[in-house]
Amino acid sequence: MLLLPAYLQTPLLWKEEQFGVQQFVLPQLAEKISTTAEAPEGIRLGQRLEYCFKALIEAHPDFELVVHGLQIKRQKKTLGEIDFIVRDKRLDHSAEHAHKVYHVEHTFKFYCIDPNITEPIHRLVGPNRKDMFFTKLDKIKNHQLPLIYTEESKNALQHYGLESQAIQNRVYFKAHLFTPWNQEQKRPVPSAPLIRPLNAACTQGYWLRMEQLEDPFLKMPNFTFPTKMIGHLILLRNYSGWITGLCSRKYIYDI
């Protein structure tokens, strides 16, 4: 799976419980994952990255994948989709985690930090300025996680021998954060976002506006414009290259 190494290096956007939402804790595998699992062709990047999480669960000795991508419908209307149901297989009955079942909503995002926005939690903006962190968080809390408690979900989960009330809600929310390009320094020096309690390790690069491209430093051949999908794949596959320093070719987005 080509995206898996970069996926593993991408940090969680926050640790433990924040915003009333608990992150799923996936212990690191002792051995390197060897898998030939591939995502289906023609699906969007977010769905492709779900298959990375699926591969991790399937390779992990402590967990069992019970459900992946279960659509919940009311008559002909789709209410939503349950990303993952995961069972903890650890047998230590004294441990708090023994035999628990988790509903895990998977999210992988790219956010630009816009310091011109007053409210800190609103500063995380997607490349198209519509996909904002606070709106995604609201959707997770008020729609995606509560979905398992609908009558339709209860009926669907009974086919797997599961009771909705016995399932704990979690998210697995990874992200890359980008700070504004420093015009004076003429170099990417990512700094920790002044947005607590987000994980500063998610700050991986920088973003810039179209008018900043007039700077001679940013002229070709230092930069090029990939398509959206290709650009995201370049970001992930060259994780240790373009987002950490001015080495080889760099990639930027028109946002």
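## Basis and confidence

The model is predicted, so local features need pLDDT of at least 70 and side-chain atom pairs count only at pLDDT 80 or more, while totals for chains, interfaces and linings use all residues. Residues are numbered from 1 along each chain as its sequence is written, and side-chain values use heavy atoms, with hydrogens and water left out.

The protein chain has an average pLDDT (the predictor's confidence in each residue, from 0 to 100) of 79, and 72% of the residues score at least 70. Helices (H or I, at least four residues) and strands (E, at least two) are DSSP runs, numbered from the N terminus. Among these elements, the highest mean pLDDT, 97, belongs to strand β2 (residues 21-22), and the lowest, 39, to strand β10 (residues 250-251). The pLDDT is below 50 over residues 233-255, a stretch with 61 contacts in the model beyond near neighbours in sequence. A contact means heavy atoms within 4.5 Å.

## Nonpolar cores

A nonpolar core is a set of buried Ala, Val, Leu, Ile, Met, Phe, Trp, Tyr and Cys residues joined through side-chain atoms within 4.5 Å. Buried means under 20% relative accessible area, exposed over 50%, and partly exposed in between (1.4 Å probe, protein chains only). The largest core has 22 residues, of which Tyr7, Phe24, Phe53 and Val104 touch the most other members. Two or more residues of this core come from each of α1 (4-9), α2 (45-59), β4, β5 and β7 (167-180). Helix α2 supplies the largest share, 6 residues.

Leaving aside residues up to four places away in sequence, Phe53 touches Tyr7, Phe24, Phe84, Val104, His106 and Tyr172. Another core, of 18 residues, lies apart from the largest one; among its members are Leu13, Leu145, Phe173 and Ala175.

## Helix α2

Helix α2 has 15 residues and reaches 22 Å from its first C-alpha to its last, close to the 21 Å expected at 1.5 Å a residue. The expected span is 1.5 Å times one less than the number of residues. The buried residues of α2 include Leu45, Leu49, Cys52, Phe53, Leu56 and Ile57, and also Arg48, Glu50 and Lys54.

## Salt bridges

The whole structure contains 5 salt bridges, each defined as a side-chain nitrogen of Lys or Arg within 4 Å of a carboxyl oxygen of Asp or Glu. In one of them, Arg87 and Glu64 meet at 3.3 Å, N to O. Arg87 lies in strand β4 (residues 77-88) and Glu64 in strand β3 (residues 63-74), so this pair ties together parts 23 residues apart in sequence. Both side chains are partly exposed, Arg87 at 25% relative accessibility and Glu64 at 34%.

Arg74 pairs with Glu152, with the closest N and O atoms 2.8 Å apart. Arg74 is partly exposed at 42%. Asp131 and Lys109 form a salt bridge at 2.7 Å, N to O. Asp131 sits in the loop between β6 (124-125) and α3 (133-144), and Lys109 in strand β5 (residues 101-113), 22 residues apart. Asp131 is partly exposed at 24%, whereas Lys109 is buried at 17%.

## Cysteines

The structure holds 0 disulfides, a disulfide being a pair of cysteine sulfur atoms within 2.5 Å. Cys112 is buried at 11% relative accessibility, and Cys202 is buried at 0%.
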